[in-house]
Amino acid sequence: MTATTSTSAAPATPAPLVDATRDDASLRRFLLGLPGVDQVGVEQRAAGLGTRSIKKDAKRWAIDTAISMVDLTTLEGADTQGKVRALAAKAVRPDPERQDTPRVAAVCVYPDLVATAVEALKGSGVHVASVATGFPAGRTSREVKLADTRLAVESGADEVDMVIDRGAFLEGRYMDVFEEIQTVKAACGEAHLKVILETGELATYDNVRRASWLALLAGGDFIKTSTGKVSPAATLPVTHIMLQAVHDWHRQTGQLRGVKPAGGIRTTKDAIKYLVAVHEVAGEQWLTPDLFRFGASSLLNDLLLQRRTQVDGHYSGPDYVTVD
């Protein structure tokens, strides 16, 4: 993740946005003053983008691009070091019989398994991401959330995926959420921070827009839809709103921030719909793993099967790829 420019070398944040976070009243005024989301409009546009067809050469490019954007994820209570090593091997060589298959962007695990992932991925170019801050519910003290984050970073994580306090956000305690994101960001050090909004619990598109801007104001390098543990998880309309937020943020600040839909994206057809949305809403500049990711586990298998179909000219069954 090198293209994100929210570090000290980034362009300065304009004064009106700095003023928006001066105090609780200013932050509330800014967030509640954001334009409302046209629900019918955003859903119609998302549905329209989802019907776009692409030609064969473009589909091959889209499949390879999507593979390179995958955060290959295992976040189960039964996760073991052996499972993480197997996932790391798949991340580096997704299709061992096709050496030109791109590697994925990252492997995402719990903090206590970061060291295992780091060792397994050493020198591969695949990042190690870790969830933190009491994932997935985030219902714990700030001290525990920060300890969670430090464990991930000290174990070698390049990226941290935090969850916001949805209860505080829904109660309108925006400054509490803002300050917590800032504190976690500081604990990340050089690691990049993805801020999980858990959009399925935010109830309205207006709240998704507000939470997106809140996370961007607080310094999140990425905004992420979901933990994958709540339904609905990622949807095209929600991702559309988040892509518009990072596009508008860049237009106002010159700073590039990323988007990560996670949960429920299982097929190549789904992934291509999201890539079309990225191109049309945020812009071509975001069609890179530095600025767009898929949080997924089963998606990679379908991408590999469809890639073989494109290359070989006939469908390959699931026996030809490792299925998690």
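Where does arginine 293 sit? Arginine 293 is in the loop between α12 and β8, with helices (H or I, at least four residues) and strands (E, at least two) taken as DSSP runs and numbered from the N terminus. What you're looking at is a predicted model, where local features need pLDDT of at least 70, side-chain atom pairs count only at pLDDT 80 or more, and totals for chains, interfaces and linings use all residues. Residues are numbered from 1 along each chain as its sequence is written, and side-chain values use heavy atoms, with hydrogens and water left out.

**Nonpolar cores**

- The largest nonpolar core has 91 residues, and Ile181, Phe292 and Phe294 have the most contacts inside it. (A nonpolar core is a set of buried Ala, Val, Leu, Ile, Met, Phe, Trp, Tyr and Cys residues joined through side-chain atoms within 4.5 Å.)
- Setting aside neighbours within four places in sequence, isoleucine 181 is in contact (heavy atoms within 4.5 Å) with Met162, Ile164, Leu193, Val195, Ala215 and Ala218.

**Valine 177**

- You'll find valine 177 in helix α9 (residues 174-188).
- Valine 177 has a relative accessible area of 3%, so it counts as buried. (Buried means under 20% relative accessible area, exposed over 50%, and partly exposed in between, using a 1.4 Å probe and protein chains only.)
- Not counting residues up to four places away in sequence, valine 177 touches Ile164, Asp165, Ala168, Phe169 and Leu214.
- Aspartate 165 is 12 residues from valine 177 along the chain, and their C-alpha atoms are separated by 6.3 Å.

**Buried polar and charged side chains**

- Arginine 293 is buried, at 1% relative accessibility.
- The side chain of arginine 293 makes a polar contact of 2.9 Å with the side chain of glutamate 159. (A polar contact is a pair of N or O atoms within 3.5 Å; within protein, one must be able to donate a hydrogen and the other to accept it, and residues adjacent in sequence count only if both atoms are side-chain atoms.)
- Glutamine 255, in the loop between α11 (236-253) and β7 (258-260), is buried too, with a relative accessible area of 3%.
- The side chains of glutamine 255 and arginine 257 are joined by a polar contact of 2.7 Å.

- Phenylalanine 135 and proline 136 are joined by a cis peptide bond, with omega about 0°; proline 136 is in the loop between β3 (127-131) and α7 (142-154).
- Another cis peptide bond runs from serine 231 to proline 232, with omega near 0°; proline 232 is in the loop between β6 (222-224) and α11.
- Glutamate 198 isn't a glycine, yet has a positive phi of about 50°.
- The loop between β5 (192-196) and α10 (205-217) holds glutamate 198, which is buried at 0% relative accessibility.
- Alanine 203 is also found in the loop between β5 and α10, and has a positive phi near 80°.
- With a relative accessible area of 71%, alanine 203 is exposed.
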